[in-house]
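Have a go at each task before you read its solution.

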Amino acid sequence: MPYMYKYRILLLGDSGVGKSCALLLSRYKRNEFNPESLTTIGLDFCTGSLEVDGKLIGAHFWDTAGQERFRTVTTAYYRGAAGALLVYDITKRDSYNSATQRWLEELREYKDNIDIMLVGNKTDLEYLRAVPTGEAKAFAAEHGLLFRETSAKDASNVQLAFQNLLTDIYHSFS
Ligand code: GDP
Ligand code: MG
(Lines give C-alpha, C1' and ligand atoms only; values in the text may rest on other atoms or scores of the structure.)
(Ligands and ions follow the chains in the order given, each with its own letter.)
Protein backbone atom coordinates (compact mmCIF):
# COMPACT_ATOMS: atom_id res chain seq x y z
CA MET A 1 0.00 0.00 0.00
CA PRO A 2 1.51 3.36 -0.99
CA TYR A 3 1.90 6.00 1.68
CA MET A 4 0.23 9.35 1.35
CA TYR A 5 3.08 10.96 3.22
CA LYS A 6 6.59 9.98 4.15
CA TYR A 7 8.59 11.87 6.73
CA ARG A 8 12.20 11.77 7.75
CA ILE A 9 12.77 11.61 11.47
CA LEU A 10 16.17 11.98 13.10
CA LEU A 11 17.50 10.40 16.25
CA LEU A 12 19.92 12.66 18.07
CA GLY A 13 21.65 12.52 21.42
CA ASP A 14 24.89 11.43 23.03
CA SER A 15 26.36 8.02 22.41
CA GLY A 16 24.99 5.37 24.80
CA VAL A 17 21.60 6.93 25.55
CA GLY A 18 19.72 4.16 23.73
CA LYS A 19 18.89 5.57 20.29
CA SER A 20 19.73 2.43 18.34
CA CYS A 21 17.95 0.19 20.84
CA ALA A 22 14.78 2.25 20.63
CA LEU A 23 14.87 2.06 16.87
CA LEU A 24 15.47 -1.69 16.82
CA LEU A 25 12.71 -2.18 19.30
CA SER A 26 10.17 -0.28 17.29
CA ARG A 27 11.20 -2.24 14.23
CA TYR A 28 10.56 -5.54 15.95
CA LYS A 29 7.32 -4.28 17.36
CA ARG A 30 5.98 -3.10 14.08
CA ASN A 31 7.29 -6.09 12.21
CA GLU A 32 7.26 -4.11 9.02
CA PHE A 33 10.46 -2.13 9.19
CA ASN A 34 13.22 -2.90 6.74
CA PRO A 35 16.59 -1.73 7.91
CA GLU A 36 18.85 -0.44 5.19
CA SER A 37 22.35 0.81 5.54
CA LEU A 38 23.80 4.02 4.26
CA THR A 39 27.26 2.86 5.21
CA THR A 40 29.02 5.24 2.85
CA ILE A 41 28.11 8.23 4.98
CA GLY A 42 27.95 6.37 8.28
CA LEU A 43 24.22 6.58 8.81
CA ASP A 44 21.58 3.92 9.29
CA PHE A 45 17.93 4.27 8.70
CA CYS A 46 14.80 2.21 9.08
CA THR A 47 11.54 2.66 7.28
CA GLY A 48 8.14 1.92 8.66
CA SER A 49 4.62 3.11 8.84
CA LEU A 50 2.11 4.09 11.45
CA GLU A 51 -1.54 4.92 11.31
CA VAL A 52 -2.45 8.51 12.11
CA ASP A 53 -6.06 9.69 11.89
CA GLY A 54 -6.89 6.56 9.92
CA LYS A 55 -4.17 7.24 7.34
CA LEU A 56 -1.01 5.26 6.76
CA ILE A 57 1.96 7.51 7.37
CA GLY A 58 5.40 6.43 6.25
CA ALA A 59 8.49 7.28 8.23
CA HIS A 60 12.20 7.07 7.68
CA PHE A 61 13.98 6.95 11.02
CA TRP A 62 17.59 8.01 10.71
CA ASP A 63 20.16 6.89 13.22
CA THR A 64 23.59 8.48 13.49
CA ALA A 65 25.16 5.03 13.86
CA GLY A 66 27.86 6.21 16.23
CA GLN A 67 28.82 9.33 14.29
CA GLU A 68 27.71 11.45 17.27
CA ARG A 69 30.78 10.27 19.19
CA PHE A 70 33.02 12.32 16.93
CA ARG A 71 30.83 15.40 17.21
CA THR A 72 30.66 15.60 13.44
CA VAL A 73 27.17 14.68 12.39
CA THR A 74 27.03 15.37 8.67
CA THR A 75 24.79 18.17 7.44
CA ALA A 76 23.23 15.65 5.04
CA TYR A 77 21.66 14.14 8.12
CA TYR A 78 19.59 17.24 8.84
CA ARG A 79 18.49 17.97 5.29
CA GLY A 80 14.82 17.34 4.63
CA ALA A 81 14.02 16.21 8.17
CA ALA A 82 10.44 16.68 9.37
CA GLY A 83 11.02 15.68 12.96
CA ALA A 84 13.58 14.66 15.53
CA LEU A 85 13.83 12.62 18.69
CA LEU A 86 16.27 14.28 21.07
CA VAL A 87 17.27 11.44 23.36
CA TYR A 88 19.02 11.49 26.74
CA ASP A 89 19.57 8.94 29.50
CA ILE A 90 17.61 9.81 32.68
CA THR A 91 20.52 8.46 34.76
CA LYS A 92 23.10 10.72 33.08
CA ARG A 93 22.85 14.46 33.72
CA ASP A 94 25.52 15.11 31.05
CA SER A 95 23.39 13.49 28.38
CA TYR A 96 20.45 15.71 29.36
CA ASN A 97 22.58 18.86 29.25
CA SER A 98 23.87 17.83 25.89
CA ALA A 99 20.41 17.05 24.47
CA THR A 100 18.94 20.34 25.66
CA GLN A 101 21.93 22.46 24.65
CA ARG A 102 24.28 21.08 22.05
CA TRP A 103 21.87 18.85 20.11
CA LEU A 104 18.95 21.23 20.27
CA GLU A 105 21.09 24.16 19.11
CA GLU A 106 22.64 22.17 16.29
CA LEU A 107 19.22 20.97 15.18
CA ARG A 108 17.76 24.46 15.17
CA GLU A 109 20.78 25.79 13.31
CA TYR A 110 20.10 23.45 10.40
CA LYS A 111 16.32 23.21 10.60
CA ASP A 112 14.23 25.82 12.33
CA ASN A 113 10.80 24.46 11.54
CA ILE A 114 10.90 20.92 12.77
CA ASP A 115 8.85 18.92 15.26
CA ILE A 116 11.01 17.82 18.15
CA MET A 117 10.40 15.37 20.95
CA LEU A 118 12.65 15.36 24.00
CA VAL A 119 12.95 11.73 25.15
CA GLY A 120 14.25 10.64 28.55
CA ASN A 121 15.21 6.99 28.08
CA LYS A 122 16.09 4.20 30.57
CA THR A 123 13.18 4.65 32.98
CA ASP A 124 13.74 1.05 34.06
CA LEU A 125 16.75 2.48 35.95
CA GLU A 126 14.54 4.71 38.13
CA TYR A 127 16.73 4.13 41.20
CA LEU A 128 19.65 5.77 39.34
CA ARG A 129 17.64 8.73 38.07
CA ALA A 130 19.64 11.97 37.81
CA VAL A 131 17.17 14.11 35.83
CA PRO A 132 13.76 14.76 37.46
CA THR A 133 10.78 14.28 35.15
CA GLY A 134 9.37 17.69 36.10
CA GLU A 135 12.54 19.50 35.09
CA ALA A 136 12.63 17.95 31.61
CA LYS A 137 8.91 18.43 31.15
CA ALA A 138 9.17 22.12 32.05
CA PHE A 139 12.12 22.59 29.69
CA ALA A 140 10.18 20.92 26.88
CA ALA A 141 7.10 23.06 27.46
CA GLU A 142 9.18 26.23 27.55
CA HIS A 143 10.91 25.38 24.27
CA GLY A 144 7.94 24.01 22.36
CA LEU A 145 9.08 20.39 22.38
CA LEU A 146 7.03 17.26 22.92
CA PHE A 147 8.20 15.16 25.85
CA ARG A 148 8.14 11.47 26.82
CA GLU A 149 10.05 9.17 29.10
CA THR A 150 10.75 5.70 27.75
CA SER A 151 12.57 2.47 28.36
CA ALA A 152 13.97 0.66 25.36
CA LYS A 153 14.79 -2.17 27.74
CA ASP A 154 11.30 -2.97 28.98
CA ALA A 155 9.68 -1.42 25.87
CA SER A 156 7.61 1.10 27.77
CA ASN A 157 6.40 4.15 25.86
CA VAL A 158 8.76 3.67 22.91
CA GLN A 159 6.05 2.97 20.39
CA LEU A 160 3.95 5.71 21.92
CA ALA A 161 6.75 8.24 21.54
CA PHE A 162 7.15 7.46 17.84
CA GLN A 163 3.39 7.60 17.36
CA ASN A 164 3.06 10.94 19.18
CA LEU A 165 5.79 12.56 17.15
CA LEU A 166 4.45 11.31 13.83
CA THR A 167 0.96 12.48 14.72
CA ASP A 168 2.32 15.92 15.56
CA ILE A 169 4.28 16.08 12.30
CA TYR A 170 1.30 14.95 10.29
CA HIS A 171 -0.87 17.62 11.86
CA SER A 172 1.65 20.37 11.32
CA PHE A 173 1.98 19.48 7.65
CA SER A 174 -1.73 19.14 6.92
P1 GDP B 1 23.08 4.79 21.26
O2 GDP B 1 24.56 4.99 21.31
O3 GDP B 1 22.35 6.03 21.67
O4 GDP B 1 22.59 4.25 19.96
O5 GDP B 1 22.73 3.73 22.40
P6 GDP B 1 22.42 2.18 22.25
O7 GDP B 1 21.07 1.98 21.73
O8 GDP B 1 23.54 1.54 21.51
O9 GDP B 1 22.41 1.74 23.77
C10 GDP B 1 23.55 1.96 24.60
C11 GDP B 1 23.51 1.01 25.80
O12 GDP B 1 22.39 1.32 26.63
C13 GDP B 1 23.35 -0.46 25.41
O14 GDP B 1 24.12 -1.23 26.29
C15 GDP B 1 21.87 -0.73 25.62
O16 GDP B 1 21.61 -2.05 25.93
C17 GDP B 1 21.55 0.18 26.80
N18 GDP B 1 20.16 0.65 26.81
C19 GDP B 1 19.48 1.23 25.79
N20 GDP B 1 18.24 1.57 26.17
C21 GDP B 1 18.13 1.20 27.47
C22 GDP B 1 17.07 1.28 28.44
O23 GDP B 1 15.96 1.78 28.21
N24 GDP B 1 17.36 0.81 29.70
C25 GDP B 1 18.56 0.27 30.03
N26 GDP B 1 18.73 -0.18 31.27
N27 GDP B 1 19.57 0.16 29.13
C28 GDP B 1 19.36 0.63 27.88
MG1 MG C 1 23.64 3.98 18.21
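Two exercises with worked solutions follow. This is a predicted model, where local features need pLDDT of at least 70, side-chain atom pairs count only at pLDDT 80 or more, and totals for chains, interfaces and linings use all residues. Residues are numbered from 1 along each chain as written, chains are lettered from A and ligands numbered from 1 in written order, and side-chain values use heavy atoms, leaving out hydrogens and water.

**Exercise 1.** Work out how the axes of helices α3 and α4 cross.

Step 1: Find α3 at residues 93–110 and α4 at residues 133–142. Helices here are DSSP runs (H or I, at least four residues).

Step 2: Their axes come within 12 Å and cross at roughly 5°. Axes are lines fitted to C-alpha atoms over the stretch in contact, with angles from 0 to 180 degrees between N-to-C directions.

Step 3: So α3 is roughly parallel to α4 (angles under 35 degrees count as that).

Step 4: Arg-93, Tyr-96, Thr-100 and Leu-104 of α3 meet Glu-135, Ala-136 and Phe-139 of α4 (contact means heavy atoms within 4.5 Å).

**Exercise 2.** Find what surrounds ligand 1.

Step 1: Look for 16 residues around ligand 1, with Gly-16, Lys-19, Cys-21, Asp-124 and Ala-152 the closest (a heavy atom within 4 Å counts as near).

Step 2: Helix α1 (residues 19–30) gives the largest share of this shell, three residues.

Step 3: Check the polar contacts (pairs of N or O atoms within 3.5 Å). A nitrogen atom of ligand 1 is 2.7 Å from a side-chain N or O atom of Asp-124, and an oxygen atom of ligand 1 is 2.8 Å from a polar backbone atom of Ala-152.

Note on methods:
Helix = DSSP H or I, 4+ residues; strand = E, 2+ residues; numbered from the N terminus. Parallel < 35°, antiparallel > 145°, perpendicular 65-115°, else oblique. Polar contact = N/O pair within 3.5 Å; in protein donor to acceptor, adjacent residues only side chain to side chain.
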